[in-house]
Each structure stands twice: as C-alpha cells, then as structure tokens.
Amino acid sequence: MLAWGAVAPAQAAAPQKPARLGLCAACHGETGMAQIPGAPNLAGQQLDYLREALKQYRDGRRNVPLMRAAIGPMSDADLDELARWYSAQTPAHQGNP
Ligand code: HEC
C-alpha cells in the first residue's frame with residue numbers, strides 16, 4: 001500500500017529539482033540546454049535513454065572522463081532522479097525562432 005502511494009505521483013507530477021543537479025548545471029544547464037560547446041542538450045530526452053546513458057558513464061561502458069568525474073559513484077536512485085528531471089524539461093529554442 002505504501003509503495004503504491006509512493007510510486008504513482010512520481011509519474012504524474014513534474015519531478016522535484018534533484019539535490020545533485022548543481023553537479024550537472026555548469027555543462028548541461030538546469031533545464032538541460034547545453035552551457036558549453038560539446039555538451040549535449042538533455043531537455044526532453046527519453047527517460048530510458050538518459051537513465052541508461054548515465055549508468056553507462058558510471059560503470060565505464062561509456063568511457064568519457066568528463067562525465068565519469070561528474071557522476072562519480074552515484075546510486076541508481078540518484079541517476080534516476082536526474083534522468084527524470086532532464087526528461088521532463090521542455091527544450092528551449094536556440095538561435096532562429
Ligand atoms: C564538465 C561538463 C559536464 C558535466 C559537469 C556533466 N556533463 Fe553530462 N556530458 C558532458 C559531455 C561533454 C557529454 C558528451 C559525452 C559523450 O561524448 O559521450 C555529456 C553527456 C551526457 C549524457 C549523454 C547524453 C546523450 O545524448 O547521450 C547525459 C545523460 C549526461 N551527460 C548527463 C549529465 C548529468 C546528469 C550530469 C550531472 C551529474 C552531467 N551530465 C554532468 C559534459 C558534462
């Protein structure tokens with residue numbers, strides 16, 4: 001019963017800002033729009049894709065030192081929270097309207 005109540009709202013409501021978002025914002029922005037050349041936009045990306053990508057960096061299956069350093073030894077729950085956050089963002093227009 002408790003588990004049911006804990007799971008349902010997470011899918012409906014917009015996710016809360018993750019505590020670790022500050023570790024990512026310098027490069028990906030708080031809303032998933034890249035802040036530095038070479039960093040991908042994450043806003044609105046598929047949740048499964050983001051979650052899997054983060055695990056790949058953490059586990060070394062994607063060997064990108066920048067991203068590995070940013071993630072460090074985060075738990076699955078932390079990565080999930082960040083993936084949900086970025087997936088729920090709306091991509092902003094850049095350049096030409
Ligand atoms: C120092 C800059 C920097 C920081 C900090 C950083 N990233 Fe990245 N991130 C990058 C770069 C550069 C890439 C592209 C790496 C590659 O080629 O695989 C990337 C790739 C990614 C990808 C894969 C996107 C895709 O389309 O495959 C995800 C997801 C991601 N970052 C999430 C995060 C999260 C979450 C954090 C915070 C914990 C974070 N990043 C912190 C620079 C950064």
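Reply: The axes of helix α3 (residues 47–59) and helix α5 (residues 76–88) come within 9 Å and cross at roughly 140 degrees. Axes here are lines fitted to C-alpha atoms, for helices over the stretch in contact, with angles running from 0 to 180 degrees between N-to-C directions. This is a predicted model, in which local features need pLDDT of at least 70, side-chain atom pairs count only at pLDDT 80 or more, and totals for chains, interfaces and linings use all residues. Residues are numbered from 1 along each chain as its sequence is written.

Me: Which word describes the placement of α3 relative to α5?
Reply: Angles under 35 degrees count as roughly parallel, over 145 as roughly antiparallel, 65 to 115 as roughly perpendicular and the rest as oblique. The axes cross at roughly 140 degrees, and that makes the placement of α3 to α5 oblique.

Me: Which residues of α5 meet α3?
Reply: Contact is taken as C-beta atoms, placed from the backbone, lying within 7 Å. From α3, the residues taking part are L47, L50, R51, L54, K55 and R58. Their partners in α5 are L79, D80, L82, A83, R84, Y86 and S87.

Me: How many residues around the ligand are nonpolar?
Reply: The ligand is surrounded by 20 residues, of which the closest are C24, C27, A53, A70 and L82; to be near, a residue must have its C-beta atom, placed from the backbone, within 6 Å. Ala, Val, Leu, Ile, Met, Phe, Trp, Tyr, Cys and Pro count as nonpolar, Asp, Glu, Lys and Arg as charged, and the others, Gly among them, as polar. By these classes the shell has two polar and two charged residues, and the nonpolar ones number 16.

Me: Which element gives the largest share of the shell around the ligand?
Reply: Helices (H or I, at least four residues) and strands (E, at least two) are DSSP runs, numbered from the N terminus, and the protein chain has five helices and zero strands. The largest share of the shell, five residues, comes from α2.

Me: Is A92 buried or exposed?
Reply: A92 lies in the segment after α5 and touches T31 and M33, not counting residues up to four places away in sequence. A residue is buried if 20 or more other C-beta atoms lie within 10 Å of its own, exposed if 12 or fewer, and partly exposed in between. Because A92 has 11 other C-beta atoms within 10 Å, A92 is exposed.

How values were computed: Contact = placed C-beta atoms within 7 Å.
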